[in-house]
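Please walk me through this structure. Start with the strands, then turn to the charged side chains.

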There are 2 protein chains.
Amino acid sequence: MRVAIVGAGAWGTALGLILTRNAHEVLLWGHHPEYLRQIEKTRTNEQYLPGVPLPSEWQFLEKIEGAIAQTDVVVVAVPSKAFREIVQRLAAYRGIIVSVTKGIEYESGLTMSGVLRQCAPQASVAALSGPTLASEVARGFPSAIVAASEQLKTAEEVQLLFHRPSFRVYTSEDILGVELGGALKNVIAIAAGVGDGLGFGDNSKAALVTRAIAEIRRLGVVGGAQAETFSGLSGLGDLTVTCFSKLSRNRTLGERLGRGEKLEEVLQSSKGVAEGYPTARSAYQLARNLNVETPIIDEVYAMLYEKKDLADSLRDLTTRSSKPEN
Amino acid sequence: MRVAIVGAGAWGTALGLILTRNAHEVLLWGHHPEYLRQIEKTRTNEQYLPGVPLPSEWQFLEKIEGAIAQTDVVVVAVPSKAFREIVQRLAAYRGIIVSVTKGIEYESGLTMSGVLRQCAPQASVAALSGPTLASEVARGFPSAIVAASEQLKTAEEVQLLFHRPSFRVYTSEDILGVELGGALKNVIAIAAGVGDGLGFGDNSKAALVTRAIAEIRRLGVVGGAQAETFSGLSGLGDLTVTCFSKLSRNRTLGERLGRGEKLEEVLQSSKGVAEGYPTARSAYQLARNLNVETPIIDEVYAMLYEKKDLADSLRDLTTRSSKPEN
């Protein structure tokens, strides 16, 4: 198959490598033409996925619209805040569009598949999400992920595209649950990172993760997702890796805040986008709209958007009297 | 209250510190009289909880039987393989006995509370379990844990005893579920550690944890526990911290195996007991008796007791085709 990857960050690049290993043709598009040319010339993505050589077969797309006639599948791997603007350029697309972006649009409360259905109504829409740090996937470390679509057939097509021995792809028809799990865990990871930065330890992080998956499930179910999805790879699996791995971008953002850096500094100097930052605001709003109690999300929102003292927030999270599931 | 702590390892000592902070009287008993005298003299438990000064008020028990007349509560914190022999000496006890030992007796398939009910039939039986690394608890890091008993009143008495701002205690009436979560996670942690030792990365560990909590829940429910208990602190919470924390003893055992050390070497040179090793055998047997499929436990059993090649086992765990929950 011919697949366009829209977005030349770490995750888009890593997924391109999987596709090449599965003998598909890859066409890469990136936001900065100059940087894309550098990738083409050096056959490495030095800024976002350093140290990983890229295949000489990869082609490069100057315009997103070029994907429409030339490809069977488009994988969208851009930051959530740019997502709508970019997929509007795929309005006429009739193939499969796979979102691998984890976020919730603030204005609409939609996940990326919801945006896709509005902007590219003739496309088949899927999401691919799970506990998959890009650098490990790029290096062929064993990983497992979920391909989700409201149409099982579409989910299975995406599964076939990416599945290989070291990259197991499961399917789900609960695309909303898969996407909400992936988006919301980034918010929790910021709290986990703040705990790391403040030196709160692993016991409190485990308690946080336990309460968080219940909170994510509660919000997701009221939003229309299936409860059991949050116990799977794209829910619990992604939450644990993001909260515990040193490689997680959102956890790192929280850790730097916990160590005393200013939010503006951290955002400006981060490589790639920490989606937990905008998602905290979208999730806080979504929970208000759906009238769901989300104490952890609320604390992260207060830390990031209301300058609440971090230690106070973490203390509220770890010593509040609301009962966890057990 | 006057509380005897039976077992002078890291966890018994850390819980003693919590009790002293809550203004209870602590009497400590340990298996090695000489080592106990050293603790008494130096007021530190240098071998198992180094660097933490112990209260001068602590008293020391020469004989376990001394606890019977002198105390309201006995906390048993000894390795599971010594548990029955030790609690037999409390046969006449009529107070509360709290097990903080995580294991399953091989011969009987019983958790420690089951052994307690057989050996001390007049006592009120409770278990205390959760994601609580001893060194963090001793240092006052925020932690949360579950006090479980078939009698809610007993669970609440244990809760009152230990609860404090930095050590939140929740209650549960599903003592079996709480104990099985605590025991079985140690088996999974060995697999997680082997993955670390072999360099499998965090993605595969997250997938392992996701599948493992479903497997633990499946086994536990057939054994008579409540499904939701495994989503709480004593299930999922303890599983995540044990699989991800560098401080976890069972994860470390697995990591050393993964790096190529021989099992006998690792067992002999480990400080304290890695309960996952005997529990792998008990859990494997329990699953056979209950006719429950436990692919992860089976692989750990095969690695530890049948000398199965570690990389083969891990590959079987990460690439097998059985579907996770999602």
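**Strands, helices and charges**

B:Val74 stands opposite B:Ile97 in β7(B). Helix α1 (residues 10-21) of chain B packs on the sheet. That helix touches β1 (2-6), β2 (25-29), β6, β8 (124-129), β9 (143-148) and β10 of chain B. Contact here means heavy atoms within 4.5 Å. The direction of α1 makes about 170° with that of β1(B). Axes are lines fitted to C-alpha atoms, for helices over the stretch in contact, and angles run from 0 to 180 degrees between N-to-C directions.

This is a predicted model, in which local features need pLDDT of at least 70, side-chain atom pairs count only at pLDDT 80 or more, and totals for chains, interfaces and linings use all residues. Residues are numbered from 1 along each chain as its sequence is written, chains are lettered from A and ligands numbered from 1 in the order in which they are written, and side-chain values use heavy atoms, with hydrogens and water left out.

Helices (H or I, at least four residues) and strands (E, at least two) are DSSP runs, numbered from the N terminus. Two strands pair if DSSP finds at least two bridges between them. In chain B, strand β6 (residues 73-76) and strand β7 (residues 96-99) pair in the parallel sense over four bridges. What is the order of the open sheet in chain B? Its eight strands run β5-β2-β1-β6-β7-β8-β9-β10, with mixed pairing. The edge strands are β5 (59-60) and β10 (167-172) of chain B, and each pairs on one side only.

Now move to chain A. Strand β7 (residues 96-99) runs parallel to β8(A), joined by four bridges. A:Ser99 stands opposite A:Ala127 in β8(A). With helix α5 (residues 112-119) of chain A, β7(A) and β8(A) make a right-handed β-α-β unit. Right-handed means that, with the strands pointing away from the viewer, the path from the first strand over the helix to the second runs clockwise. On β9 (residues 143-148) of chain A, β8(A) pairs in the antiparallel sense over three bridges. There, A:Leu128 stands opposite A:Ala147.

Strand β8 (residues 124-129) of chain A is mostly covered, with five of its six residues buried. Buried means under 20% relative accessible area, exposed over 50%, partly exposed in between (1.4 Å probe, protein chains only).

Next come the charges. A salt bridge is a side-chain nitrogen of Lys or Arg within 4 Å of a carboxyl oxygen of Asp or Glu. A:Asp238 lies in helix α10 (residues 233-244) of chain A and A:Lys185 in helix α8 of chain A, so the pair ties together parts that are 53 residues apart in sequence. A:Asp238 counts as buried at 2% relative accessibility. A:Lys185 counts as buried too, at 6%.

A:Asp196 and A:Arg251 also meet in a salt bridge (2.6 Å, N to O). Both are buried. In chain B, the side chains of B:Glu85 and B:Arg89 meet at 3.4 Å, N to O. B:Glu85 is partly exposed, at 49%. B:Arg89 is partly exposed as well, at 28%.

A:Asp174 has no salt bridge, yet is buried. The nearest side chain of opposite charge, A:Arg117, is 9.3 Å away. Lys and Arg count as positive and Asp and Glu as negative; His and the chain ends are not counted.
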